[in-house]
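Work through the exercises below with the sequence and coordinates open beside you. Each task is followed by a solution that goes step by step.

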Amino acid sequence: MDDLLNEFLAETVEALELLDSELVELEQRPADPALLGSIFRIMHTIKGTCGFLGLPRLEAVAHAAEDVLGKVRDGELTVSADAVSLVLAALDRIKELIAELAVAGQEPEGSDDDVIMSLRDMAAGKWAAAELVAEAVEEPADLPSVDGLYQRIGGASLFDTACEQACAEMLSAVSDHPEAETELLHLQFALAGAFASALTGSSDATADIDGVIAGLVAKGWSPQELHMLRDEFGKALATLEVADADVAAVLSRFNVAAAKPAAIAAPAAQEPVMADEPIVAEPAAAKPAPAKRVKAEEPAAENAQAASAAAQSQTLRVNITVLENLMNMVSELVLTRNQLLQILRGVGDSPFAAPLQRLNQVTSELQESVMQTRMQPIGNAWSKLPRLVRDLGQELGKKIDLVMSGADTELDRQILESIRDPLTHMVRNSGDHGIEAPEDRREAGKPEHGTIRLSARHEGGHIIVEVSDDGRGLSTSRIRAKAIQNGLATEAQIDGMSEQQIQQFIFRPGFSTAAQVTSVSGRGVGMDVVRTNIEKIGGAIEFSSTEGQGSRFVIKIPLTLAIVSALIVECRGERFAMPQSSVVELVRISSKSQQGVELINGHPVYRLRDRLLPLVALSDLLKIEEAGDEPPQEIYVVVTQVGSFAFGIIVDRVFDTEEIVVKPTSRTLRQISLFSGTTILGDGRVIMILDPNGIAAATSGSAQSEARARDEALAASRQQRETVSMLVFRAGDDNTKAVPLSLIARLEEADLSNAERAGERTVMQYRGSLMPLVGIDGAPARRDGKHPILVFTEGERMCGLVVDEVVDIVEGSLDLQLVGGAQSGILGSSIIAGRSTDVIDTVHYLRQSDAAWFDLETREAYGAESERRVLLVEDSSFFRNLLMPMLKMAGYRVTIAEHAEAALEICRDGDEFDIIVSDIEMPGLSGFDLARTLRAEERWKDVPMVALSSHASPQDFERGRRSGFNDYVTKLDPRALLTSLSRVLSTDEHREETAA
Amino acid sequence: MSMQQEDATLDQNRTEDFVTMSIGGQIFGVPVLDVRDVLGPQRITRVPLAPPEIAGSLNLRGRIVTAVNMRQRLGLAPAERPERAMAVVVEHEDEHFSLLVDEVGEVLRLSERQKDHNPATLDPQWRQIADGLYRLEGNLLIVLNIGAVLGAIRAAA
């Protein structure tokens with residue numbers, strides 16, 4: 001019985017899901033008889049099965065819902081939103097009951113009268129009378145008489161018992177029949193269901209019973225046996241103290257004559273049974289008038305049933321654990337195959353060669369097939385969404401269409417399970433926050449119906465899932481305000497972000513933009529969970545939105561978790577697998593010269609082309625001690641990218657890439673964040689799989705992971721880092737000092753006693769030229785001892801800042817606080833890695849080292865021969881302090897505006913400027929707004945403007961261009977700004993000349 | 001106490017089969033039904049950063065099994081020739097573990113009559129993982145509680 005119950009649960013859960021979406025569909029296509037037939041059948045089966053299993057609550061609810069559906073099918077009720085809602089409510093109740101049934105093994109106590117009464121009222125036409133078809137008004141009167149027989153006799157439980165008894169009798173009679181027992185079990189269940197529907201009038205009387213009989217004939221039952229079954233059934237009813245007349249009435253439905261061969265093909269085409277056996281008059285009278293119409297549609301439905309029956313025989317329900325075991329066995333087989341092939345290669349000519357090749361091939365195919373069994377269409381994760389969207393629309397009074405495409409895109413079931421909830425959440429969000437109310441949409445000039453689109457497609461070993469809506473989109477200013485209000489970022493931090501970056505705040509824990517909490521969403525939990533879930537399976541999620549036009553989520557997920565491509569590396573004789581997806585490139589370095597590797601206080605960095613890459617030795621991370629033997633001749637750096645954080649992992653050797661089968665790590669090892677799993681290599685050895693995320697976190701500590709949490713979700717390509725890599729060092733006093741890494745060209749260490757004196761300056765020969773060296777106090781460096789030197793370059797010239805000790809490289813946000821009466825050379829101080837740290841002004845040192853050449857060279861370099869007037873609009877004090885001295889030194893006369901409004905005021909006051917440099921993200925008016933406003937004014941329409949931002953993607957650039965900016969440069973690269981200024985000014989002059 | 005005595009009387013004739021193994025000279029037993037496999041010396045992949053009791057992972061016919069160094073777990077000195085360790089594979093919470101021991105002996109059928117409770121003087125580290133002991137001829141067999149042996153590793157980790 002337990003097996004039966006489990007089977008029932010599995011089947012019913014599946015059927016309910018199907019019902020959910022079909023009902024929503026029905027609402028849209030109320031005239032589709034096939035759809036209605038299918039819905040009715042599903043509900044009917046649920047009811048029948050519940051009756052058979054002795055689940056009265058479920059049966060009653062399903063029965064009431066079936067009644068309503070029957071009325072709809074018979075044309076007595078039209079499909080209305082109310083009717084569908086009511087049936088959906090019944091479905092929900094059934095789901096609740098099923099859920100408890102699954103846990104407890106029996107139905108919970110309680111009453112479903114609320115649902116049942118509403119359904120009955122609906123069936124009886126008491127609900128919204130206007131929705132009743134006129135001809136059906138007198139129909140309800142017939143209902144009690146039909147119900148009468150069934151209920152009078154004793155309802156489902158009696159029929160169950162009777163069928164059971166009859167079948168038990170039959171079993172003893174036909175025990176020589178192969179599989180008689182199971183067959184009869186099915187029969188018992190089918191028969192009880194068939195009688196129930198035939199006698200309650202909700203179905204067309206005898207089709208179900210005829211179907212059962214036809215099925216028996218098809219299985220080879222003789223007419224004698226059928227008669228026997230009929231008699232046994234009659235006897236059983238009699239023993240259950242059913243009145244003789246009622247027994248006859250019931251038996252009249254059991255028409256053995258239906259067992260003609262023709263009945264198998266089209267039982268519905270049979271003459272109505274009542275005509276043959278007019279024993280009882282009441283069922284005939286109950287035959288409703290519209291039945292003819294329904295009859296005509298029946299063959300189509302039957303065909304559909306036949307087709308789906310054929311489809312069913314092609315599939316088989318298999319327990320997941322069986323598949324998992326199969327997968328394990330195949331892995332094992334693959335390993336054995338690999339071993340055999342290895343042996344074969346060793347012996348050369350062998351009679352085993354040919355069969356082994358065949359084995360090889362079959363194994364590969366088998367592996368592929370087994371992988372295939374784990375694949376499921378993504379539509380399985382979507383099946384609940386149409387219902388969800390419909391309910392949402394009803395509850396919120398919105399009109400929402402859900403358009404789904406690519407539902408047949410297949411992916412691993414494990415991944416499917418992981419994205420089910422995130423997808424649901426996103427669709428819910430779109431419906432709740434995204435789509436506006438119909439009147440708002442009309443006002444905004446959009447169609448009343450909002451559309452949520454869900455699509456999936458394959459793209460290069462990944463699946464791309466998109467959820468988009470044409471709703472109101474997200475207001476960046478609201479996100480911004482919220483982020484600040486919730487303490488997720490400071491104003492200064494946000495000012496340095498692009499619109500798109502600000503939008504990603506919705507993925508931060510504790511963030512919710514919904515102005516009010518609805519019953520659906522807006523509780524401030526959600527998108528962060530969505531992101532976490534997606535990242536857990538190695539996916540990425542990106543969000544973009546245009547206010548007023550809609551929002552779009554793009555999720556990129558791997559096809560399968562089970563098999564990934566991995567780079568095999570070795571460290572101190574032990575091998576590890578590194579997921580290929582996070583490996584950017586490999587660099588080989590001769591370990592003697594270690595060219596390019598620079599040690600900063602024991603922290604190695606590598607100069608990879610134009611950037612400094614923090615390095616971390618795998619042996620240090622994993623605390624694998626030196627094996628004692630010679631260090632390897634060369635080392636390899638695996639350049640790894642995690643979110644926007646790039647770093648290099650030092651390993652001893654690099655082997656091939658291999659397709660590996662990922663297995664979870666043992667519970668005892670799960671807390672080691674550096675491993676994401678374990679696997680068996682082709683040669684049978686077990687190796688651990690490194691987790692790039694864990695390594696990144698371990699590499700740079702909490703500062704980095706905080707930065708990562710902020711921007712990890714953004715695809716690296718479209719994302720500039722919003723944090724700054726800072727080099728932290730000590731010089732002069734005990735306080736740590738820092739400088740943005742991007743401003744440092746190189747790090748050197750030199751013995752200053754070899755430095756030379758040139759006039760008042762200390763210089764050093766460096767790369768074929770003389771480099772002035774200055775101390776932290778700005779004075780020429782003392783010529784003694786070995787010191788690290790930070791090299792700043794400007795054009796062809798260089799300057800070395802001699803420091804005492806380089807402490808670390810820290811990835812962190814730069815939240816600069818100004819210190820009163822600032823010391824020269826210090827921009828301000830910032831909390832870096834938990835300590836108050838002075839951020840130095842590199843320009844100050846460049847100037848100190850050689851004021852004369854600096855001024856001269858820069859003037860020449862940037863062609864600022866006469867004093868140009870620059871208006872610098874920048875709200876961040878850090879960047880003002882960074883840029884102003886530099887611009888001044890390059891020969892510009894700088895006027896500062898702290899925000900766009902101030903800039904406008906200055907411009908309108910009559911000041912003249914040759915060029916305007918403006919930040920983009922500012923409180924109040926943005927840089928784009930400023931540009932648009934100024935461009936509209938006669939006096940400023942031709943003045944060159946350069947946009948300044950901490951990130952410059954092609955989209956940003958394009959947007960800047962559209963707003964009226966001539967160029968777009970990133971803040972962190974002062975040289976680029978100078979070049980841009982000079983370029984823009986010269987084209988401007990050129991243009992003026994041509995114009996003149 | 002009287003209850004336990006009663007139990008003991010009732011169980012006088014019950015017997016249980018144990019796979020015996022020796023670790024650092026002491027004989028231990030694991031109920032036969034808990035043992036999935038007994039293996040000779042295996043190639044074990046060390047897992048960096050793992051708790052000290054974890055010797056590493058090994059491939060048991062396509063299944064990755066975590067090897068537990070029983071000497072370490074019992075607080076004994078490392079084996080002189082660890083590469084010759086035998087492995088007793090047990091299942092715990094749906095996961096397989098391989099217990100590395102010095103030697104695996106025969107299967108003994110032991111009667112409840114021979115059973116005793118943990119002596120109060122037993123080392124606390126041992127007492128946690130011992131499920132009582134059996135008096136053998138001239139020797140004592142300590143019954144290993146697999147759940148306790150493996151559970152503590154996870155908890156400590």
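Two residues are in contact if their C-beta atoms, placed from the backbone, lie within 7 Å. This is a predicted model, in which local features need pLDDT of at least 70 and side-chain atom pairs count only at pLDDT 80 or more, whereas totals for chains, interfaces and linings use all residues. Residues are numbered from 1 along each chain as its sequence is written, while chains are lettered from A and ligands numbered from 1 in the order in which they are written.

**Exercise 1.** Describe the contacts, burial and secondary structure of chain B.

Among the contacts in chain B with a separation of 6 or more, 55% are between residues 24 or more positions apart. Of the 157 residues in chain B, 34% are buried, a residue being buried if 20 or more other C-beta atoms, placed from the backbone, lie within 10 Å of its own, exposed if 12 or fewer, and partly exposed in between. Chain B has four helices and eleven strands, which are DSSP runs numbered from the N terminus (helices H or I, at least four residues; strands E, at least two).

**Exercise 2.** Determine which elements of chain B supply the side that touches chain A.

Begin with the totals: 21 residues of chain B are in contact with 23 residues of chain A. Strand E4 (54-60), strand E5 (63-69) and helix H4 (146-156) of chain B each supply at least two residues of that side, and E4(B) gives the most, with four residues.

**Exercise 3.** Characterise the burial of helix H32 (residues 927-935) of chain A.

The buried residues of H32(A) are Gly927(A), Phe928(A), Leu930(A), Ala931(A) and Leu934(A). Seen down the axis of H32(A), these buried residues fall within an arc of 160 degrees, so they line one face of the helix, where the arc is that of the directions from the helix axis to the C-beta atoms. In general, an α-helix has 3.6 residues a turn, so residues three or four places apart point the same way.

**Exercise 4.** Locate Pro386(A) and explain why Pro386(A) is classed as buried.

Pro386(A) is found in helix H19 (residues 385-396) of chain A. Pro386(A) counts as buried because 22 other C-beta atoms are within 10 Å. Leaving aside neighbours within four places in sequence, Pro386(A) is in contact with Ser21(A), Val24(A) and Leu402(A). Finally, Pro386(A) and Val427(A) are 41 residues apart in sequence and, C-alpha to C-alpha, 9.9 Å apart in space.

How values were computed
Axes are lines fitted to C-alpha atoms, for helices over the stretch in contact, and angles run from 0 to 180 degrees between N-to-C directions.
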